[in-house]
Amino acid sequence: MRAAISLLVLLLSLCGVQTESHGTDFSTQDISNELKELRDMMVDLRVTLRHTRDDVKVLQAENVAVKERLATSETKVQVLQDTKAEMKTEVDNLKKENAAQEAELALKMDNAVHEQELAALKTRLAASETKVENLEKEIRAAPKVAFSAGLRESGEGYTRSGDNDLDLVFKRVITNVGQAYSNTTGFFTAPVRGVYYFRFTVRDDLDKNSYMRIRMYKNGQQLMRLSDYDTDDKPSYLSSGLTLQLEKGDAVNMVLPAGSRLADIVDYNYCTFSGFLLFPL
Ligand SMILES: [Ca+2]
């Protein structure tokens, strides 16, 4: 642009010289010199113009290169932005997946704990069932022994020992599981080694100033001896019991001492003898 302006100024100057030449007397030599300077200036201007065009080309080339680099950079930036967005999405997805896996893991751990507890409970249940079965077997296998018997099997009246001790026979069987008691002999015979409990109650409508007596025996040996001396002329009772450890075959019975009597009514069961096995040994 500056070169074009310079050329225009030069032409205007030349025109001014030609105009002035009508009024002024210039020599041919002067004009020739002037033209030569103008031509030199033109050459310089052309050179300058050519250099300027070259510079413009270089600048244009540089501009193109810069635009290409800018486009490339913008593309890279876009790619990076896209990549960043994709990475963010990927990170979000990974976080969600991780949270889901943690929840699943927690659930599995809970299930594992529950399964362990369930397994422990099953083991305990199986052990308990085994114990129950064994206890049921023991109960089924254990002898069942229990009896009660009343003195009279009918009516009412006295039972007297007379001049000798009398083995009492409680004839009326009320209960006799295991058949260990004999209502023929009045003896209880232990079917197994074990611990037993025996008790009795006897009654007499005593005459005033007389005795009533009762004894318990084991294998012919006296275990207990009770008596009552009447002072009121009204019925009296003797009642007691013992827990006994017996060997199989041991016999227990009640004895009415000589000179004694008992009074009983069958439906009242004033006089009874009872016993049962507490547990075998
Ligand atoms: Ca009495």
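**Terms and the values behind them**

Author: In this predicted model, strand S6 (residues 194–204) and strand S12 (residues 272–280) run antiparallel and are joined by eight bridges.

Reader: What makes S6 and S12 a pair of strands?

Author: Two strands pair if DSSP finds at least two bridges between them. Eight bridges join S6 to S12, so the two strands pair. Val195, for example, has Phe279 in S12 as its bridge partner.

Reader: In which sheet does S12 lie, and what is the order of the strands?

Author: The open sheet has five strands in the order S4-S1-S12-S6-S9, with antiparallel pairing.

Reader: Why are strand S4 (172–177) and strand S9 (236–246) called edge strands?

Author: Each of these two strands pairs on one side only, and a pairing requires at least two bridges. S4 and S9 are therefore the edge strands of the sheet. Between neighbouring strands of this sheet the average turn is 5 degrees, direction ignored.

Reader: Why is Val266 called partly exposed?

Author: Val266 has 16 other C-beta atoms within 10 Å. A residue is buried at 20 or more and exposed at 12 or fewer. The count of 16 lies in between, so Val266 is partly exposed. Val266 is placed in the loop between strand S11 (261–265) and S12. Beyond four places away in sequence, the residues it touches include Gly150, Arg152 and Arg172.

Reader: What makes a set of residues a nonpolar core, and which members touch the most others in the largest one?

Author: The members must be buried residues of the nonpolar kinds, joined through C-beta atoms within 7 Å. The largest such core has 27 residues, of which Ala180, Met254 and Leu262 touch the most other members. Strand S1 (146–150), S6, strand S7 (211–218), strand S10 (251–256), S11 and S12 each supply at least two residues of this core. Leaving aside neighbours within four places in sequence, the contacts of Leu262 include Leu151, Val202, Leu256 and Cys271.

Notes:
Residues numbered from 1 in each chain as written. Predicted model: local features only at pLDDT ≥ 70, side-chain atom pairs only at ≥ 80, totals over all residues. Helix = DSSP H or I, 4+ residues; strand = E, 2+ residues; numbered from the N terminus. Axes fitted to C-alpha atoms, helices over the stretch in contact; angles between N-to-C directions. Contact = placed C-beta atoms within 7 Å.
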